[in-house]
Amino acid sequence: MAQTRVKARSPHRERKERKESVFGERFALFAECLLTGVWIAVACLGVVTYPAAFAAGARHLRRRTTHEGGGWREFVADFRAAVRGGWAVGLVGWAVAAAVWVDVLAARAGIPGGRFVGAVGIFALIGLAVALLRAAAVWTPGAPWRALLVDAGRRTLRDPAGSFLVVCGLAVVALSAGFLPPLAVPVLGAVAAAAVAVEERYRRR
């Protein structure tokens, strides 16, 4: 009778394989974030489509972290669904940015109280950007943008640590654009990933 022998793996070898697997998975996720950043940048070419672009990018990364299938086609489908109401949000966002720019110009011109108004406007714009990213991070097809933004605004205030992390992501994009403009494109995916991670952290609290 032939006897089969099963060679037991050593604990050291199992730990080594587990570490390599974790490293490979994290590197693949990082590469996916950079690729998603390129997709987001392309989708933002519509000027007012940036909320939908980040929403589609965030949903793609959520699928990736939960090991669900999905690629460019699913991203495009999500983008089309998100842009139906997201374009109005994008338009309002540009209007707010224009108003803040006027405040900054007033501050530079030396108008009384202009510096205070300009500083308040800048902080308000940053807060709105964080709320928008947090809303995009939890977007799902059919979800109304208005409700998403209201809830995201509350989370932005109630979770200052998470909001600060999103601000850091935005700062990285700004620094990348100043250092090497093309580098800011893939980093957009990292910002979307940061927003997704912040929302997941808030959900598990």
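Let me begin with Leu61, a residue that lies in helix H2. Helices here are DSSP runs of H or I with at least four residues, strands are runs of E with at least two, and both are numbered from the N terminus. Please keep in mind that this is a predicted model, in which local features need pLDDT of at least 70, side-chain atom pairs count only at pLDDT 80 or more, and totals for chains, interfaces and linings use all residues. Residues are numbered from 1 along each chain as its sequence is written, and side-chain values use heavy atoms, with hydrogens and water left out.

Is Leu61 buried or exposed? Leu61 has a relative accessible area of 3%, so Leu61 is buried. Buried means under 20% relative accessible area, exposed means over 50%, and partly exposed lies in between, with a 1.4 Å probe and protein chains only. Apart from neighbours within four places in sequence, Leu61 is in contact with Glu32, Cys33, Thr36, Gly189, Ala192 and Ala193, where contact means heavy atoms within 4.5 Å. The C-alpha atoms of Leu61 and Gly71 are 9.9 Å apart, and these two residues stand ten apart along the chain.

Let me turn to the chain. There are seven helices and zero strands. Of the 205 residues, 34% count as buried. Among contacts between residues at least 6 apart in sequence, 68% join residues at least 24 apart.

Next, helix packing. Helix H2, residues 50–65, packs on helix H4, residues 114–137, at an angle of about 45°, and the axes are 7 Å apart. That makes H2 oblique to H4. The axes are lines fitted to C-alpha atoms, for helices over the stretch in contact, and the angles run from 0 to 180 degrees between N-to-C directions. Angles under 35 degrees count as roughly parallel, over 145 as roughly antiparallel, 65 to 115 as roughly perpendicular, and the rest as oblique. On the H2 side, Tyr50, Pro51, Phe54, Ala55, Ala58 and Arg62 meet Leu132, Leu133, Ala136 and Ala137 of H4. The residues of this contact of H2 with H4 comprise nine nonpolar, no polar and one charged. In this scheme Ala, Val, Leu, Ile, Met, Phe, Trp, Tyr, Cys and Pro count as nonpolar, Asp, Glu, Lys and Arg as charged, and the others, Gly among them, as polar.

H4 also packs with helix H3, residues 72–108, at an angle of about 160° and with the axes 8 Å apart. H3 and H4 are therefore roughly antiparallel to each other. From H3 the contact includes Val89, Val96 and Asp103, and from H4 it includes Arg115, Gly118 and Leu132. The residues of the contact of H3 with H4 divide into eleven nonpolar, three polar and two charged.

What is the phi of Val47? The value is near 70°, which is positive in a residue other than glycine. Val47 sits in the loop between helix H1 (11–43) and H2. With a relative accessible area of 48%, Val47 is partly exposed.

Finally, the annotation. An unreviewed UniProt entry lists residues 27–53, 85–104, 116–139 and 164–197 under "transmembrane region". Over residues 85–104 the model is 100% helix and 0% strand, with the end C-alpha atoms 30 Å apart. Over residues 164–197 the chain is 88% helix and 0% strand, and there the end C-alpha atoms are 13 Å apart.

Note on methods: UniProt positions are given in the numbering used here, feature names are shortened, and annotations may be inferred rather than shown by experiment.
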